[in-house]
Amino acid sequence: DITGLILAGGRGSRMGGVDKGLQNFNGIPMALHTMMRLQTQVGHILINANRNLAAYESFGASVWPDVLADYAGPLAGFLTGLERCDTPYMVTVPCDTPLLPLDLVTRLAQALEQNQAEIAMAAAPETNEHGQVSVRTQPVFCLLHADLLESLVAFTQGGGRKIDAWTARHKTIVVPFDAPGDDPQAFSNANTVAELQQLEK
């Protein structure tokens with residue numbers, strides 16, 4: 001009942017403009033790592049990418065560019081995915097988190113159902129520059145009802161681009177991934193080459 005959407009449509013500006021999803025993580029493109037971890041959790045996978053489409057298609061998933069122009073951010077990917085989604089639900093993940101939890105979708109789906117919510121959003125521990133750890137929302141990790149398409153079309157047509165601003169319009173449940181045994185690196189993403197090398201270690 002759930003379509004998985006991998007968001008690989010960004011400019012990769014903090015990584016020097018390279019296509020982040022195609023950067024190798026332990027010898028395999030990051031987006032492929034992400035896909036392998038996600039595909040066991042969903043019925044169908046889509047990839048949202050705006051360049052190197054053939055490279056992404058070689059992973060064996062259908063690939064769709066943004067329906068909005070000018071690299072409009074993750075919500076453009078959400079919109080693209082919802083327009084192509086044939087299942088009642090869609091889950092979104094970014095292409096640069098190769099260690100994402102193998103129980104991500106199960107836990108989001110349980111929370112969505114138990115709270116009769118429209119959106120379930122992951123949250124994970126993050127350490128700030130002072131070494132303090134706090135659980136912060138991870139807005140690009142969302143499970144949502146596919147019938148929110150109309151709402152998202154209206155929001156983006158009105159110029160809205162921030163995920164939080166859109167999800168705030170709907171009943172959203174935040175699901176923390178900070179239990180004992182949860183990998184503290186599960187939601188770590190690589191925005192720079194240095195961060196990618198750090199994550200590999």
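Predicted model: local features only at pLDDT ≥ 70, side-chain atom pairs only at ≥ 80, totals over all residues.
Strand β7, which covers residues 119-127, is paired with two other strands. With strand β8, which covers residues 133-145, the arrangement is antiparallel, and nine bridges join the two. Within this pairing, T127 has V133 of β8 as its bridge partner. Five residues lie between the strands of this hairpin, and in the hairpin G131 adopts a positive phi near 80°. With strand β9, which covers residues 172-176, β7 pairs in the parallel sense instead, through five bridges; here the bridge partner of I119 is T172 of β9.

Strands β7 and β8 also belong to the elements that give two or more residues to the largest nonpolar core, which consists of 33 residues. The other elements that contribute on this scale are the strands β1 (2-8), β4 (44-49) and β6 (89-94), together with the helices α1 (30-38) and α4 (104-114). Of these, α4 gives the most, with five residues. Among the members of this core, I47, L104 and L108 touch the most other members.

When its neighbours within four places in sequence are left aside, I47 is in contact with L5, I6 and A8, with M35, and with Y56, F59, A61, S62, V63 and W64.

Note on methods. Residues numbered from 1 in each chain as written. Heavy atoms only, no water. Pairing = 2+ DSSP bridges. Helix = DSSP H or I, 4+ residues; strand = E, 2+ residues; numbered from the N terminus. Core = buried A, V, L, I, M, F, W, Y, C linked by side-chain atoms within 4.5 Å. Buried < 20%, exposed > 50% of the residue type's maximum accessible area, 1.4 Å probe, protein only. Contact = heavy atoms within 4.5 Å.
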